[in-house]
Amino acid sequence: MLQPSKDRLDYGSLLMPPEGYYLENAIATSYSINLDALISIPVALYFSHSLELDLKQDIVQVLDSIRRASDTIKVFCQKGQISVPDNQHRLYSFIEPCIVQVPPSHRHSFHPKVWVIKYKNNLGDIKFRVIVLSRNLTFDRSWDVAFQLDGNFIEERQRNYGNTKPLIDFIKYLGTYEEADWFEDFISDLGKTNFQLNSNEFESFTFEPSGFPGYKKNVLFNNQFYDDMLIISPFLTNSGLDIAKKYSINKAKLFSREYELNKINQQYLGDFSVYHLVNEFVEGEEKIESDTDENISAQLQDLHAKVYSCKLGWDAVLLLGSANCSERAMHRNVEFMIQLKGKNSKIGPDALFKELVNEDLNVFQLYTPSEPLSEQQEELNSQEEVLQNLKVDIVNSIITANANKQEDSNFSIEFVCDLANLTLNAKVEATAYLLNNKEQSQELKLGDKTQWTVYNIAEIDLSCFLIIELRIKGTMVALRFVLKIQINNLPESRSSRIFKDIISNTANFFKYIRFLLAENYWDEEHTFNGINGKPYKGHGLGDYMAREEPIYENMLKDHFTRTGEIDRDKNCDG
């Protein structure tokens, strides 16, 4: 179940429709988003229907599959957690409507990672799929977990609110931020869907969302005391561990990241048997890949899974999903977990421990306390915390924008960023610029209102993505993120003009499709001309792009395995 050499799951394959079905609608949540990862989703779904496709003949349909995502997919993420792309190109405009930002606070985060997908076939039959993950919608290669449940829609079935009510209530909560016109039918059909477990390891399941009205309880332990416990959590807090130890009668086993363990007060680790990934594994995947026949290049990785296995007599409870072992995750964050029940012999702490710690795999080792953090590291952590707190204040501030057409048919945009309620910090500088327009960046006044105008923007370069850069003056400590903003008076023709511009440059469009298909994405950086005709700083694209290998051949060869490798998330996932 958790053996990385045998139980590897591919993100793209999890999303692809069952045979004979196509995507109708999908709702997804993620703490953070990588724009290239998001744009890969509709492309992968499109190709899964038509593998006999001649791309040069059907280029319009391929591009249209990306455009259609705005009508079929909604992705909810924490506001401020869209990563800044290495390259800036116009395709991103097509996925602007897909993204819904949920504002955070200093006390809680929007942290669930789940997909709810509705499929349909030509006969009108409906299937649903729920995928509960620990992984964000990024290209991170860390070790994550996912659980997939499929269900059949039954027209005559009474709405089974006992089974799906927590999931439906979660989607209704998401709808309070933004609701598509298909949400009502989506929820209604979901209520008539019968989800079935397809594994002998589990006897029952329960959806366990938390952190919104009606769902405030601690889903990790639910005030139940257990005989034994195994916890996998990449991020930890002293208070979270203090809570967890109270619910295990015996000494619990804890798996985490070595760097995170070093930040914990050692007195809180004394009640656990503590393990972390060996450095060789973090630096590459050779330990895993050597036992497989797959030709996958080894990459940097670490632990990112969130799993809780709890023994209760002959039985056991297994929870997996988004929640870390922290007081914040247990009581304040919006999280999504799935609870699975079964026999202790199959899913209990000892069973999982044998899969994780064994001579054949040998990727975990006992944790040895390190030296306390140096003053320099403490100062660095303090500076990063200053920027993170400022980031929360900025994403919750009011930013307005209005587009105006110039006499030359280009556009200007007037911005107002009101940061008057922020405390002035003379050590921090902040700048903002529109995607595709870094040349006209603007310094933001902390503790005041900033007004500025950017000029001479071509219609095809208009973007709702605003990039914010924060920096501690005189240091290398910086933080960058993307905000999706509302721009009034955007021309309705923008999307069609971008579409025509990309189609007119066929070579560059196929370069980007090859980028999405590339097997060696993680190799050393190369540069190629992007869709805007500007250099693209990528990873491992040079040799691959230079080949005249047909995209069709490569598509059949790897069948979008790279979509599952959903750019490393530089954000510390809370």
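**Helix H6.** I looked up which residues of helix H6 (residues 238-245) are buried in this predicted model. They are Gly240, Leu241, Ile243 and Ala244. I then viewed H6 down its axis: the buried residues fall within an arc of 160°, so they line one face of the helix.

**Cover over H6.** I next asked what covers the buried residues of H6. The cover includes three strands, S9 (228-232), S10 (252-256) and S11 (272-277). It also includes two helices, H8 (266-269) and H11 (327-331).

**Glutamine 451.** I located glutamine 451 in strand S20, which spans residues 449-457. Is glutamine 451 buried or exposed? I found a relative accessibility of 60%, and because exposed means over 50%, glutamine 451 counts as exposed. Leaving aside residues up to four places away in sequence, I noted that glutamine 451 touches Phe415 and Val416. I also took the C-alpha separation between glutamine 451 and isoleucine 399, which is 9.9 Å. These two residues lie 52 residues apart along the chain.

**Confidence.** I checked the pLDDT of the chain, which averages 82. A score of at least 70 is reached by 78% of the residues. I marked two stretches where pLDDT stays under 50: residues 49-57 and residues 285-299. For residues 49-57 the model has 20 contacts beyond four places in sequence. For residues 285-299 I recorded 31 such contacts, again beyond four places in sequence. Where pLDDT is low, the predicted coordinates should not be read in detail.

Conventions: Residues are numbered from 1 along each chain as its sequence is written. This is a predicted model: local features need pLDDT of at least 70, side-chain atom pairs count only at pLDDT 80 or more; totals for chains, interfaces and linings use all residues. Side-chain values use heavy atoms; hydrogens and water are left out. pLDDT is the predictor's confidence in each residue, from 0 to 100. Contact means heavy atoms within 4.5 Å. Helices (H or I, at least four residues) and strands (E, at least two) are DSSP runs, numbered from the N terminus. Buried means under 20% relative accessible area, exposed over 50%, partly exposed in between (1.4 Å probe, protein chains only). The arc is that of the directions from the helix axis to the C-beta atoms.
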